[in-house]
Amino acid sequence: MISQHDRQAAIAQNDQADGKEGPAPSRRQAVAHLRRLVPLLGSHRRLTIGATLALTAAALISLALPMAVRRMIDNGFGQGDGEFINRYFLMAMALAVALAIASALRYYFVTALGERLVADLRKKVFGHVLSLPAQFFDSNHSGEIASRLTGDTAQIKTAVSLTASVALRNSILCVGALGMMFVTSPGLSSIALAVIPLILLPLIVFGRSVRKKSRAAQDALASASSYASEIIAANRTVQSFNAEDAARQRYVCDVEMSYGKSIAAARSRACLTGFAIALIFGSVVGVLWLGAHSVLAGTLSPGSLSQFLIYSVIAAGSLGSLSEVWGELAQAAGAAGRLFELLNEQTYDREPEASMPLRSPVRGGIEVSDLHFSYPNTPQKEILAGLSMTVSPGETVALVGPSGAGKSTVFSLLLGFYDGSGGRLSIDGRDVRSIAPRDLRKEISIVPQEVTIFATTIFENIAFGRPDATRDEVVAAAIKAQAHGFITGLENGYDTVVGERGLTLSGGQRQRLAIARAILKDAPVLLLDEATASLDAENEQLVQEGLEQLMDNRSTIVIAHRLATVLKADRILVVDAGRIVEQGTHASLMRNGGLYKRLAELQFKGPATDTELDAA
Ligand SMILES: Nc1ncnc2c1ncn2[C@@H]1O[C@H](COP(=O)(O)OP(=O)(O)OP(=O)(O)O)[C@@H](O)[C@H]1O
């Protein structure tokens with residue numbers, strides 16, 4: 001069974017995923033969300049049937065035990081029949097063994113079902129999220145999506161493996177025990193039934209305020225946890241600003257606040273428990289007092305009174321448990337709702353019905369004419385305002401322009417992350433909107449400004465886009481990218497596992513890995529977003545050599561930040577406010593004395609020497 005600690009962790013994690021505090025689903029919404037989980041159980045029929053049978057068997061055996069007690073008291077003790085007592089004890093022992101087996105099976109099936117369901121959900125949600133369009137990631141926080149995968153699914157696991165089984169078991173026990181109370185003594189049961197609303201009403205009211213306090217405690221914990229993970233992820237920044245003390249203090253405050261709220265919640269819960277026990281057992285004792293008088297009057301046997309007593313304790317206990325599980329089920333429903341929300345997100349809908357891949361061999365001619373575009377989340381702001389440009393097969397074109405001019409946006413449209421709202425963007429004469437994104441992206445390599453390195457081996461990082469690449473191919477790509485030298489210098493060479501986000505590598509090394517990755521992909525179109533971060537001279541030189549290998553014989557668009565790059569480009573296009581405003585060579589643009597000249601004087605850095613400049 002999942003421990004209370006796990007359950008709280010899941011809830012806290014979930015709250016974190018939820019941002020601050022999402023509105024709890026209404027009772028109807030909660031039921032609807034939970035109902036959507038039911039078909040998922042259907043695909044694991046054996047586990048579901050096993051869990052239900054084991055649950056029911058365990059509950060029914062628990063209900064049979066009090067009958068054995070009655071028979072033993074009335075027929076065994078009452079008549080002094082030792083043989084009868086032996087037989088009944090044997091039967092009771094058999095029931096105990098059966099109960100043990102049913103409980104073990106129940107635990108296994110219910111846990112396995114929860115684990116299976118959550119593993120399925122995680123796979124489904126992750127696969128779906130990966131197929132969502134760029135637009136989705138513009139408006140959703142990646143951390144939040146990730147914690148939905150862990151926190152929300154963990155909560156559903158708790159609901160299925162713990163809460164739902166508690167609910168089902170206690171429902172069977174409650175109905176069964178109440179029914180058996182009536183069979184045992186209709187008179188006493190009627191009195192007990194009349195008392196139940198008197199017990200439940202104050203408990204429900206009081207319970208609500210306790211839940212509110214627990215919620216506040218969980219929120220405080222969630223806020224402390226999210227602060228802690230933010231600070232741990234940014235440990236280098238924190239340490240470099242000597243901000244450890246301030247961070248520690250803030251966390252101490254958060255944890256103390258969460259502690260204070262938890263204690264307040266615990267106090268209320270303790271009072272509620274005391275109050276509930278006083279009411280429930282007070283009523284049971286009251287009813288039993290009446291029962292005792294019935295025994296004295298000879299209208300009820302002592303065994304029946306004992307049987308009634310046990311059933312009433314079972315009924316009261318199961319009612320108590322049932323009143324607790326609703327809150328947890330509602331939370332699981334909230335988690336399920338958030339996951340279904342993700343699953344309801346539309347996947348990439350641009351995939352054209354009868355899309356054909358580009359005609360092979362792809363030559364890589366790019367033509368952009370009068371392209372207009374606004375990002376879906378800021379539709380009022382036009383980013384590309386009639387941009388036109390061409391890149392002939394094998395040509396290298398440098399894009400230069402002020403920050404925010406729309407250079408990277410051109411890359412996003414070429415990669416099919418978004419569609420233009422007007423104009424045309426074509427590769428080898430084919431409108432990119434008529435090419436399935438997967439086919440389109442097969443023909444394009446990108447070396448981004450911020451290189452993504454995964455926490456795996458160098459080999460797998462280079463082979464990222466081509467998992468079938470052989471060792472020789474990977475090494476050949478690394479040699480061309482000027483990365484082989486530093487890789488072989490690492491402790492385990494190509495099998496070295498690089499730290500999270502490539503933190504164990506230098507900026508230049510990361511870039512050379514990205515270049516090797518692109519060389520290995522060997523696509524006819526290359527998009528290159530030069531890093532602005534300054535590299536040391538040696539690294540700069542190596543990166544530059546790697547890039548030259550990569551650009552060789554490919555249609556290349558470079559967002560250029562280095563003079564060496566613009567000097568090597570066949571043409572330079574100057575972008576401003578989503579349009580091409582100037583084009584030419586470095587020398588002609590410098591002579592024009594326009595935007596390019598101003599930018600060049602401010603922006604360019606890199607290994608071009610004065611002689612090179614003069615030559616240009
Ligand atoms: N995903 C996005 N959603 C909304 N607006 C965006 C998005 N990405 C970029 N923008 C906006 O689009 C404009 C152009 O951005 P883009 O990244 O294309 O500029 P850039 O010329 O590449 O700039 P830089 O040289 O600084 O990288 C900017 O104003 C930017 O704020």
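Which order do the strands of the open sheet of six strands have, and what is the pairing? In this predicted model, the order is E6-E7-E8-E3-E9-E10 and the pairing is mixed.

**The six-stranded sheet**

Start at the edges. Select 444-447 for strand E6 and 579-584 for strand E10; each has a single partner strand, so one side of each is left without a neighbour in the sheet. Look across the strands next: neighbours in this sheet are turned by 20° against each other on average, with direction ignored.

Now select residues 396-400, strand E3, together with residues 555-559, strand E8. The two run parallel and are joined by four bridges. To find one of the pairs, pick Thr396 in E3; its bridge partner in E8 is Thr556.

**Helices on the sheet**

**From H16 to H14**

Keep H16 and select residues 471-480, helix H14. The axes of the two helices come within 8 Å and cross at roughly 125°. That angle makes H14 oblique to H16, and the crossing is right-handed.

For the contact itself, show side chains. Glu473, Val474, Ala477, Ala478 and Lys480 in H14 meet Ala516, Ile519 and Leu520 in H16. Six of the residues in this contact are nonpolar, none is polar and two are charged.

**The ligand**

Return to H11 and display the ligand. Which element gives the most to the shell around the ligand? H11 does, with three residues. The ligand has 13 residues around it, and those that come nearest are Tyr375, Ser403, Lys407, Ser408 and Thr409. Coloured by class, the shell shows three nonpolar, eight polar and two charged residues.

**The four-stranded sheet**

Last, turn to the other open sheet, with four strands in the order E2-E1-E4-E5 and antiparallel pairing. Select 384-391 for E2 and 430-431 for E5: these strands stand at the edges with a single partner strand each, so one side of each is left without a neighbour in the sheet.

E1 and E2 run antiparallel and are joined by six bridges.

Key
Residues numbered from 1 in each chain as written. Predicted model: local features only at pLDDT ≥ 70, side-chain atom pairs only at ≥ 80, totals over all residues. Pairing = 2+ DSSP bridges. Axes fitted to C-alpha atoms, helices over the stretch in contact; angles between N-to-C directions. Near = placed C-beta within 6 Å. Nonpolar A, V, L, I, M, F, W, Y, C, P; charged D, E, K, R; others polar. Parallel < 35°, antiparallel > 145°, perpendicular 65-115°, else oblique. Left-handed = near helix turned anticlockwise from the far one by under 90°. Contact = placed C-beta atoms within 7 Å.
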